[in-house]
Amino acid sequence: SPAASSHASLPRSPVTTSSFQSASLSASAASQDGIEAHRQRELKWVTLMGSTKAAEARKNRKVRKLLQEGVPASVRYQVWAHLTDSRSKRLEGLYARLCARGRVGVSDLIERDVKDTFERDARLDPTSLVALLQAYVTMVPDIQYEKGLTYIAGQLLLQSPEEDAFWIFISLMDTHLRPYFAANGVQLDVDASLFAKAVEAVDPSVGKRLFVDYSIPPVEVVRPWFTSLFVEALPTEYFQRVWDIFLSEGVVFLFRVGLALLVCCRRTLLDTKGDAAVLALLRRPPLMLISSTPDTFIELVSSVKLKDDDIRKQRVKMEAQVKRQTQ
């Protein structure tokens with residue numbers, strides 16, 4: 001082709017030491033810029049945490065704006081502690097006393113799940129994770145233990161010292177997720193049915209495929225996502241970005257993430273045969289289907305057509321209905 005021949009006839013510039021030097025200088029300048037930008041973001045977070053009360057952080061506009069930009073890994077656990085206001089929950093000495101009580105009724109399950117989920121992760125001490133989960137079940141005995149708790153607690157432990165992880169976990173559960181692990185399971189059913197309605201509104205073809213053609217109960221789609229905060233479904237950097245914003249926005253943000261994942265998997269999902277294969281696809285979507293970077297994924301999540309306030313109102317209404325029915 002003419003284009004190819006014109007490329008072929010271009011004179012090749014000789015590779016000189018100076019061209020290598022200038023390339024490496026520009027690369028090092030770019031990396032310096034990256035380090036400087038990272039430092040600036042770190043500093044913004046440290047300043048903001050110093051000037052914002054933890055109890056008010058979730059509603060603070062500056063905090064929410066910074067969360068969209070991302071939290072540097074170096075301060076992430078402090079930001080999570082701040083957003084969950086975990087210090088206000090902390091009772092000195094209680095964690096040690098809870099740990100001293102040792103095994104609980106579900107200890108065998110906890111040990112099995114810890115082995116399954118974190119056996120290959122050398123950064124995590126499995127005995128710490130087992131101790132943290134046993135302490136939690138001792139403190140909150142009405143909880144229905146599920147594997148999702150191991151995913152969440154394990155990720156907190158990878159970020160922070162053991163006792164800090166425990167109190168962030170307590171706060172995160174109390175503020176957002178504990179109803180998902182209640183014996184009656186009502187809240188998860190409510191949210192699953194609201195999520196199904198959102199899917200049908202946003203993408204009728206996907207809604208029909210999941211809930212009509214394959215008659216998949218909506219709770220089967222959302223349970224693995226919502227009860228583990230997408231740890232299984234997303235690569236680490238992606239779900240960490242999800243957690244950053246979820247800790248400020250709450251459960252409605254999980255609806256957005258689920259809808260965004262359906263957008264990513266749409267074509268493959270519509271071509272996949274059988275309910276079991278569809279559920280396996282959604283539980284752990286192949287990496288190549290997910291947006292190219294955590295930032296582009298968060299942009300996709302933010303752009304999903306969902307009226308967050310409507311979902312919040314519907315949740316309250318449906319909870320009341322379900323409570324009346326169960327009473």
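Predicted model: local features only at pLDDT ≥ 70, side-chain atom pairs only at ≥ 80, totals over all residues.
1. **The largest pocket.** Start here. The largest pocket holds about 480 Å³ of space. Its lining counts 22 residues, and those closest to the centre are Thr117, Gln155, Val231, Thr236 and Phe239. Find these five in the viewer before reading on.

2. **Who builds that lining.** Three helices each supply at least two residues to the lining of the largest pocket: H6 (107-118), H8 (147-159) and H13 (236-249). Helix H8 gives the largest share, with 5 residues. By residue type, the lining of the largest pocket has 9 nonpolar, 5 polar and 8 charged members.

3. **The second largest pocket.** About 240 Å³ of space lies in the second largest pocket. It is lined by 15 residues, and Glu220, Arg223, Pro224, Glu232 and Arg283 are the closest to its centre. The lining of this pocket splits into 6 nonpolar, 3 polar and 6 charged residues.

4. **Helices around the second pocket.** Along with H12 (218-226) and H15 (275-283), H8 supplies at least two residues of the lining of the second largest pocket. Helix H12 gives the most, with 5 residues.

5. **How H3 and H13 pack.** Helix H3 spans residues 61-69, and its axis comes within 9 Å of the axis of H13. How are the two helices oriented to each other, parallel or antiparallel? The axes cross at roughly 160°. Angles over 145 degrees count as roughly antiparallel, so H3 and H13 are roughly antiparallel to each other. The crossing of these two helices is left-handed.

6. **What touches what.** On the H3 side, the contact uses Arg64, Leu67, Gln68 and Glu69. On the H13 side, the partners are Arg241, Asp244, Ile245, Ser248 and Glu249. The residues of this contact divide into 2 nonpolar, 2 polar and 5 charged.

7. **Two backbone angles to check.** Most residues other than glycine have a negative phi. Asp85 has a positive phi, near 50°, and is not a glycine. Where does Asp85 lie? Asp85 is in the loop between helix H4 (76-84) and helix H5 (94-100).

8. Leu229 is not a glycine either, yet its phi is positive, at about 55°. Leu229 sits in the loop between H12 and H13. Both of those helices came up above: H12 in the lining of the second largest pocket, and H13 in the lining of the largest pocket.

How values were computed. Residues numbered from 1 in each chain as written. Heavy atoms only, no water. 1 Å grid on protein atoms, 1.4 Å probe; cavity = no way out; pocket = protein on both sides within 12 Å on 5 of 7 lines; lining within 4 Å. Points joined across faces, edges and corners; volume = space filled by probe spheres on them. Helix = DSSP H or I, 4+ residues; strand = E, 2+ residues; numbered from the N terminus. Nonpolar A, V, L, I, M, F, W, Y, C, P; charged D, E, K, R; others polar. Axes fitted to C-alpha atoms, helices over the stretch in contact; angles between N-to-C directions. Parallel < 35°, antiparallel > 145°, perpendicular 65-115°, else oblique. Left-handed = near helix turned anticlockwise from the far one by under 90°. Contact = heavy atoms within 4.5 Å.
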